[in-house]
Amino acid sequence: DEVKTDFFDEKGNFKKGKVVLSAIVKQEQAGKVLFNITKTVQFDVVNNISIEEIDASVDTLSIDIFKGEMIIYTSVYPVNASNQTLRAIFIPNDLSYGNALDFRWENNKLIVKLNENYDHGQGIIRLIAIDSYSTSDNFKTYIDIPVVICDGSAEYPYQIISEKDLQILIDTNFEKNYQIVGEIDISKFVDANDQLLWEYSTYTLTGNLIGINNACFTGINISTAENINNYGLFASIVEGAKISNIKFEGNISLSITQTETTNIGLIAGQNDGILENVFVDINSCQITASGGYTINLGGLVGKNNGEISLTNKGVYNKLVNFPLTFKDNSGDTTGYHTLFIGGVAGYNAGLIESERDFSNTILVNVDFNIQYVENNGKIRPHDNDDKEGIGGIAGYSYVESTSSSGVYGIVN
């Protein structure tokens, strides 16, 4: 018969035999429970076999130099056992970092601390029931919990699993490898006075963000009175940097008056790197502009010089949902303006492509409302030097072909 999960009856009694060890493991860092791992080791006296179960939201626990101590809560059954003592040991994959973790017990809490002399590695934390029918050879009396010591390398990327972990990106200058786990609400990344700690349109991503467990950045709200060149969750993404398998959700509300080129996107103002299998879901985008502006506005990025792609390994089957209201209230302002609006990128000098078959699937969903409104009874006059381009994917694609540079500004 298949092993069932309902080992206990309504009274809490084990149906099939004796409970060897059951531990409910909750990882807590900086006072917040991040996720749970529940593992049980049990003995089925009916079929004379051992049973081990695991129910985990992530594959492993993680620890690094930024997160400090980690707390693991444990429970031992049966509750009336004469000896409920547990012992913890670290079994490394490589003995060179065998002393990387220090343990201490506080009642049912196991405090795990990273030794400052070690910054990477992996192995298991073994919780051992000291007195759990230890004479039997038919079942285990311990639970193994995988653990990774993260240093931001490609092999051991930093785990971003709570809003507080966003500080790791800032402290490492966005230069490392980061694994984004689950939903991260940017609006909840605040100090003790509830002041937002994330500085929109400021950071340059030079490392890699890789999403797992339906990774999503929510609560993005790009709104400022300052005139800068690149607006987004990041100001820019450089060549060699990469974001993959992450959803971005939020709002944009800006008033543009400068004449310098302005790039606007929910992820970044300008992309020179790789965006792979990302999905942008914009709830609202309100842009007001006046004067001799030059604006590149896209759902993902304002200006794309890099690569944006959907592959067969992607989690999401969409690129963008982008409602937009754009208002020009220049009135009788003289002089020309430039406006490129695209669902993915306003100005594309890179590559936007999909290798997947998305038959009967809407990859790009846009709803653009472009208005030229009165100001003091005047509506902006047309200028022969005005440039405007509006497209579902790109407002404008620039193509250049030489023997050395290849072809750019391609949409496949």
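**Exercises on a predicted model**

In strand E23, leucine 297 is the bridge partner of isoleucine 264. The model used in these exercises is predicted.

**Exercise 1.** Find which strands pair with E23, and in which sense.

Solution. Step 1: strand E19, residues 261-264, is joined to E23 by 4 bridges, and the two run parallel. Step 2: strand E27, residues 338-342, also pairs with E23 in the parallel sense, over 5 bridges.

**Exercise 2.** Decide whether the two faces of E23 are covered or open.

Solution. Step 1: in a regular strand, side chains alternate between the two faces of the sheet. Step 2: on one side of E23 are Thr294, Asn296 and Gly298, and on the other are Ile295 and Leu297. Step 3: these residues are all buried, and both faces are covered. Step 4: because 5 of the 5 residues of E23 are buried, the strand is largely enclosed by the rest of the structure.

**Exercise 3.** Phenylalanine 174 has a phi near 60°, and aspartate 194 has a phi of about 60°. Locate each residue and classify it as buried or exposed.

Solution. Step 1: most residues other than glycine have a negative phi. Step 2: the phi of phenylalanine 174 is positive although the residue is not glycine, and the phi of aspartate 194 is likewise positive. Step 3: phenylalanine 174 is in the loop between helix H1 and strand E12, while aspartate 194 lies in the loop between E12 and strand E13. Step 4: buried means under 20% relative accessible area, and exposed means over 50%. Step 5: phenylalanine 174 has 2% relative accessibility, so it counts as buried. Aspartate 194 has 60%, so it counts as exposed.

Key
Residues numbered from 1 in each chain as written. Predicted model: local features only at pLDDT ≥ 70, side-chain atom pairs only at ≥ 80, totals over all residues. Heavy atoms only, no water. Buried < 20%, exposed > 50% of the residue type's maximum accessible area, 1.4 Å probe, protein only. Pairing = 2+ DSSP bridges.
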